[in-house]
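Trainee: I would like to learn how to read a structure with two chains, going from a whole chain to the place where the chains meet. Could you take me through it step by step?

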Amino acid sequence: MSIGLPDRAVLPSGKPCAAPVGKIAEDAEKKTSMDEAAFRALYDRTARPLWAYLLRISGDRDVVDDLLQESYCRFLSAQLPQMNHAESKSYLFRIATNLMNDRWRQRKLITTLDEVEQVTEEHLEARAQMRQAFLLLKPRERQLLWLAYVEGSSHREIAGMTGLRATSIRLLLFRARRRLAGVLRVCARPSKEKLSV
Amino acid sequence: MRRLYCDQEAAVLDASRSGQWNTELRQHVGSCSVCADALLVAEFLQEENRLATSESVSLPSREFLWWKSQLLLKHRAMKQATRPIELLRTFAYLASSITLSWFLMNLVQAGTELSRYSASLQYVFSWSGGYALVGGATSLLCVAVGSLYLLWGEK
């Protein structure tokens with residue numbers, strides 16, 4: 001695919017570089033970890049699950065496309081060894097997780113519920129409220145739960161994706177699950193009962 | 001103290017995914033808080049996933065992502081290829097700055113009688129000629145090496 005670059009690289013001063021762009025481009029393509037056909041296959045298999053993961057964990061629809069694009073670009077520009085499908089997917093989720101964490105650190109994502117709005121029990125109704133209840137959890141807890149219960153990842157895989165120690169995953173997962181289950185039970189109660197809690 | 005896990009958890013999650021429950025497992029979920037929590041959370045999250053993946057949103061095209069990543073790689077490769085030139089240019093700027101400062105300092109020295117009263121300044125100026133020579137020579141060397149690199153690249 002032509003990407004419309006000039007014949008020669010241009011230096012910051014605006015002068016052309018001696019080395020022809022064609023050679024540089026060839027070298028660059030050699031550094032890609034997979035060919036285009038393999039990428040298409042990977043994208044078709046992972047784009048939807050990754051999009052769902054980013055949407056539900058970030059809770060911010062506006063940043064999802066951006067994070068998705070950045071995840072794939074970083075994946076493609078990383079010089080990776082040969083990977084099977086599961087490893088590629090796992091690595092992709094790891095990149096996406098790190099990108100989300102970076103945004104939370106920079107405060108570009110504000111999606112813990114106590115920061116968005118204080119929700120009282122009267123507000124907790126139906127799925128929309130359950131979704132908000134999910135946002136009550138810390139971002140890390142949301143990531144752990146999603147990876148475990150939606151992606152079906154093992155503790156070891158989750159550790160690889162989140163950068164946590166494999167030995168602490170069980171406890172963190174237990175705490176997160178207990179918290180979410182507690183909030184979901186409140187959501188599931190009839191309104192009158194909720195008010196009396 | 002509550003248990004962190006239950007041996008039946010995997011079986012409960014499998015049954016939840018497949019919808020194939022047996023009486024024993026159902027009874028177990030009723031009596032085990034770990035499995036009850038796991039089931040509740042798993043069902044909620046799987047439904048959330050189903051809703052999100054079935055949404056009709058237009059994802060970025062894979063061709064665009066491939067093109068974008070290739071562009072990034074080429075940009076990175078070009079940056080790497082031009083790094084020696086950039087380095088030489090920086091050295092040349094540095095050497096030229098030193099030479100120019102020597103020149104200006106000499107002008108100042110000639111224009112004022114300050115050096116007569118300052119032994120330390122005189123000491124500095126006595127060395128500055130040597131520094132200027134080294135600076136000028138380095139500039140020329142950088143230009144020469146840079147030119148050779150460019151000529152070599154042309155071939």
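This is a predicted model: local features need pLDDT of at least 70, side-chain atom pairs count only at pLDDT 80 or more; totals for chains, interfaces and linings use all residues.

Trainee: Which secondary structure does chain B have?

Mentor: Counting helices and strands gives a simple outline of a chain. Here chain B has 7 helices and 0 strands, so that its pattern along the sequence reads α-α-α-α-α-α-α.

Trainee: How many residues of chain A and chain B are in contact with each other?

Mentor: An interface can be described by its residues and by its area. In this model 59 residues of chain A are in contact with 54 residues of chain B, and the area buried between the two chains is about 5400 Å², with carbon and sulfur atoms giving 68% of it.

Trainee: How many salt bridges and polar contacts are found across the interface of chain A and chain B?

Mentor: The rule finds 7 salt bridges across this interface, and it also finds 15 residue pairs in polar contact, both residues being at pLDDT 80 or more. One of the salt bridges joins Arg185(A) to Asp37(B), where the closest N and O atoms are 2.9 Å apart.

Trainee: Which element gives the largest share of the side of chain A that touches chain B?

Mentor: That is H2(A), which gives 12 residues. Sorted by kind, the residues on this side of chain A divide into 36 nonpolar, 6 polar and 17 charged.

Trainee: Is Arg177(A) buried or exposed, and why?

Mentor: To answer this, one compares the relative accessibility of a residue with a cut-off, and buried means under 20%. Arg177(A) counts as buried because its relative accessibility is 3%.

Trainee: What does Arg177(A) touch?

Mentor: Arg177(A) lies in helix H9 of chain A. Leaving out residues up to four places away in sequence, Arg177(A) touches Leu145(A) and Tyr149(A) in chain A, and Leu4(B), Glu9(B), Val34(B), Asp37(B), Ala38(B) and Val41(B) in chain B. With one of these residues, Glu9(B), the contact is polar, running from side chain to side chain at 3.2 Å.

Notes. Residues are numbered from 1 along each chain as its sequence is written. Chains are lettered from A and ligands numbered from 1 in the order in which they are written. Side-chain values use heavy atoms; hydrogens and water are left out. Contact means heavy atoms within 4.5 Å. Buried area is the accessible area (1.4 Å probe) that two parts lose on being put together, summed over both. A salt bridge is a side-chain nitrogen of Lys or Arg within 4 Å of a carboxyl oxygen of Asp or Glu. A polar contact is a pair of N or O atoms within 3.5 Å; within protein, one must be able to donate a hydrogen and the other to accept it, and residues adjacent in sequence count only if both atoms are side-chain atoms. Helices (H or I, at least four residues) and strands (E, at least two) are DSSP runs, numbered from the N terminus. Ala, Val, Leu, Ile, Met, Phe, Trp, Tyr, Cys and Pro count as nonpolar, Asp, Glu, Lys and Arg as charged, and the others, Gly among them, as polar. Buried means under 20% relative accessible area, exposed over 50%, partly exposed in between (1.4 Å probe, protein chains only).
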